[in-house]
Amino acid sequence: MNTDFEFDHAPDRGDSASSKWEKYAGRDVIPLWVADMDFRTAPCVIDMLHERIEHGVFGYTQPPHELPTVVAAALERDFGWTIDPDWIVWMPSLVVGLSVVSRAFAAPGEEVLTAVPIYPPFLSAPRYGDRITVTVPLREEGGRWLWDFDALEQAVSPKTRTLLLCSPHNPTGRVWSRDELVQLARFCERYDLVLVSDEIHSGLVLDQDKQHIPAATLDDIATRTITLLSASKTFNLPGLGCAFAIVSNQQLRSKIQRTMRGIVHHIGALGFFATLAAFRDGQSWQLALVDYLRGNRDLVESELPTMPGLKTWHVEATYLAWIDARELSVDKPAAFFEKAGVGLYDGTLFGAPGFLRLNFACPRKRLKDALGRMLEAVLTR
Ligand SMILES: Cc1ncc(COP(=O)(O)O)c(C=O)c1O
């Protein structure tokens, strides 16, 4: 499939109130930090939004009738996961979801466990609600990031209520194997923890021999699992604010709904209808996107190892590369590359000072320019 034309010609986002691009407005810095893509979304989503906008009335909205069954059918199609549409709890974003679950299952002063490096709201969400974030490090072995089960055993306490899992993993790009997930599930059962699995990157598995396994499909774990999902990463819709939790356990579901009541705002029509089009009609575009991202990933993985002082890992899923810049021996690696014209995310925010995250979801030519600037910077410093 030739995807080059579509993804090579992304629109100029410079004057579109984009968070990613506004950060460096007026400066010659290629923004490869926050996780959105520079590509237009799928044509089926744009068509659906045109149709809804033409209607011209934007009153309070509930999920379109078809949407829950469309979501259920997509999960069956993509992962062989059978859900009851009634298990879906709509919310405006996954970050909201992380805050809600942190508060719903742990009381103030109780603990929420996760592993670093990790997408920053995993660390802040419990703290914002006066819950305690407890972290263990992932361990690196044989060029891969793995869970450290000994560290988990040491960190869990009588006050731990919840384990936050990111699957596939931002920022290391791991697609957790069935064995790894089963081990995590057993751990949650042993210590009676609620397992919260953020699967927002599940539509972005790049390795053709890997498959995303929803945590809730593992034997016996579904009743203690909350899955957080949306179409927003795969279809580049985070600005439209539509996400959901899938919760088969009715008790856990009502705890979530009670925690949201009066605080979490309902979802707008555009978010709902975009999600509907994406899950129902977006599959061929998604395949083309993943194909293009795989090419960008391969470029990143061939270029970064030529840069003295940087180390990186194979990205199995996501459009994010995780980079160890500690050997570069510069004080602030993110500031160093920013000065060279490339805006990367500072690993400190992910609980890993000295590391960087690079978002490669942009036209290949822009990525080549950015990697060229990085090479030049490390060679000439
Ligand atoms: C793992 C993970 N969860 C959640 C989010 C954010 O989701 P939302 O925009 O729905 O809050 C991101 C965005 O990058 C993410 O990587």
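This is a predicted model: local features need pLDDT of at least 70, side-chain atom pairs count only at pLDDT 80 or more; totals for chains, interfaces and linings use all residues.
Now the neighbours of β10. Strand β2, residues 88–91, runs antiparallel to β10 and is joined to it by four bridges. Strand β9, residues 225–229, also pairs with β10 in the antiparallel sense, over three bridges. Phe244 stands opposite Trp90 and opposite Leu229.

Next, another sheet. It is open, antiparallel, and has four strands in the order β11-β12-β15-β14. The edge strands β11 (311–312) and β14 (345–346) each have a single partner, so one side of each has no neighbour in the sheet. Inside, β12 and β15 are joined by five bridges, and Leu320 has Asn359 in β15 as its bridge partner.

On to charges. The whole structure has 26 salt bridges. One of them joins Glu66 and Arg280, at 3.1 Å from N to O. Those two residues are 214 apart in the chain: Glu66 is in the loop between α3 and α4, and Arg280 is in helix α10.

Arg190 and Glu153 form another, at 2.5 Å. It links helix α8 to helix α7, across 37 residues.

Last, Lys210 and Asp207, with closest N and O atoms 3.3 Å apart. Asp207 counts as buried because its relative accessible area is 9%, under the 20% cut-off; Lys210, at 25%, is partly exposed. Both belong to one network of salt bridges with shared partners, whose members include Arg144, Arg174 and Glu316.

How values were computed: Residues are numbered from 1 along each chain as its sequence is written. Side-chain values use heavy atoms; hydrogens and water are left out. Two strands pair if DSSP finds at least two bridges between them. A salt bridge is a side-chain nitrogen of Lys or Arg within 4 Å of a carboxyl oxygen of Asp or Glu. Buried means under 20% relative accessible area, exposed over 50%, partly exposed in between (1.4 Å probe, protein chains only).
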